[in-house]
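Open your viewer and get ready to select residues.

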Amino acid sequence: MKVARENIAWERHQKQVPTIDDEGGKLWGCFRSCFLQSAAPYTEGIAYKILKNDLGMELREAPGHTSCGAIGYHGDVSNIETQMVVAARNFSVAHHELGVDNLFSFCVTSFANYTEMIKLWEEEPELREYTEKTLKETTGREFWVPHVSGGRPSVVHASDVFFANRHKLAAKAKYSLKGIKAVDHIGCHYGKIFPSECMGGAEFPQVLVGLLEAFGAEIVDYPERRHCCGMGFRQCAFPENRDYTASSVYKKMKSLKEAHPDCNLILTNCPGCTVFLDAEQGTIKEILSEEFNVSVLDYAQLTGLMLGYDPFKDCGLNAKVVQIEPLLDKIGIPYDKSKTPEQRRRPF
């Protein structure tokens, strides 16, 4: 029997994320994202509401947890030894102060950063010994490593938690994506640094496709589907490098529209992809006078829409460059049409 490549990849890249039906699956600790809170705070807000109100989860967040520090690490501001101790401190605070065993991060960069530290501790015992010793000397805290996926040392991303509970969420949905063409775009820091930690692997990731399919969408493919959004810390942080980000978005959007002109929805799980795939469409329109009108939503925003949360006040769609109203009309989601698009986008 011939086995499809995606099925082989799927077998090799499984994650076992606790669902709300599993023992302990309703109690989670979470790490907030510094990038999300500065660029797209609506994601964490709607995700909190869904996880607590619709899935009945208890989320515990330590007031003393810090940024994972990955932006400084990748920008050569801090070193690997600092990163290990920062990660160990956040894990210790979550477990020993909040009493949680399951941990997820809202940011894919934090997810990759914590995964890198855990794998370093596994593969190089002297680094684990250094981290344990330094953590104790500098903070007085005890070392602890989370084992979230399948009982092995690991953390997961918030989109993994949504994927694991996708059928529960779909059962509560007020709206459907039936008749809507859509495609996923996973963050590089979610799937390409450690493909073994990506649900379905980097080539055939399922974490967002599974959510789209649960809500009834038709999944499409296009040549540049796995092309990076082009954000990159060294691109977005320096004005002279911003052209690279815009050109990457242009390459993706042009490829998508040539293959599927009627696809106007991309689903993401990375804060940077969510912001830049949307925002750079405005740049392209201004510079090249070309419009793609592809709505870019993350997993929490889309789930919020399907569950009936307010598109603008709850899901933060007032912050989008690409107007969301045509997609809302296509799905059949109501909104206040007595207001102008500009009025709907005013801060609440």
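How far is the sulfur of C188 from the closest cysteine sulfur, and which residue holds that sulfur? Select C188 and C228. The closest cysteine sulfur to that of C188 is in C228, 3.8 Å away, which is too far for a bond. A disulfide needs two cysteine sulfur atoms within 2.5 Å. Keep in mind that this model is predicted. While you are here, check the surface: C188 is partly exposed, at 22% relative accessibility.

Next, select C107 and C68. The sulfur of C107 has its closest cysteine sulfur in C68. The gap is 6.2 Å, again too far for a bond. C107 is buried, because its relative accessible area is 8%, and the limit for buried is under 20%. Searching the whole structure turns up zero disulfides.

Now move to a charged spot. Select E122, E123, E124, E126 and E129. Together they form a patch of negative charge on the surface. Helix 6 (108-123) and helix 7 (125-139) each give two or more residues to this patch. Click on E122, which lies in helix 6. E122 is partly exposed, with 46% relative accessible area.

Last stop: the loop between helix 14 (271-288) and strand 8 (295-298). Select S289, which sits in this loop. S289 is exposed, with a relative accessible area of 63%.

Then select N293, also in the loop between helix 14 and strand 8. N293 is not a glycine, yet its phi is positive, about 55°. N293 is partly exposed, at 43% relative accessible area.

Notes. Residues numbered from 1 in each chain as written. Predicted model: local features only at pLDDT ≥ 70, side-chain atom pairs only at ≥ 80, totals over all residues. Heavy atoms only, no water. Patch = residues over 30% accessible without salt bridge, like charges linked within 9 Å, V, L, I, M, F, W, Y side chains within 5 Å. Areas by Shrake-Rupley, 256 points an atom, 1.4 Å probe, with all protein chains shown as cover. Salt bridge = Lys/Arg side-chain N within 4 Å of Asp/Glu carboxyl O. Lys, Arg positive; Asp, Glu negative; His and termini not counted. Charge placed at Lys NZ, Arg CZ, Asp CG, Glu CD. Helix = DSSP H or I, 4+ residues; strand = E, 2+ residues; numbered from the N terminus. Buried < 20%, exposed > 50% of the residue type's maximum accessible area, 1.4 Å probe, protein only.
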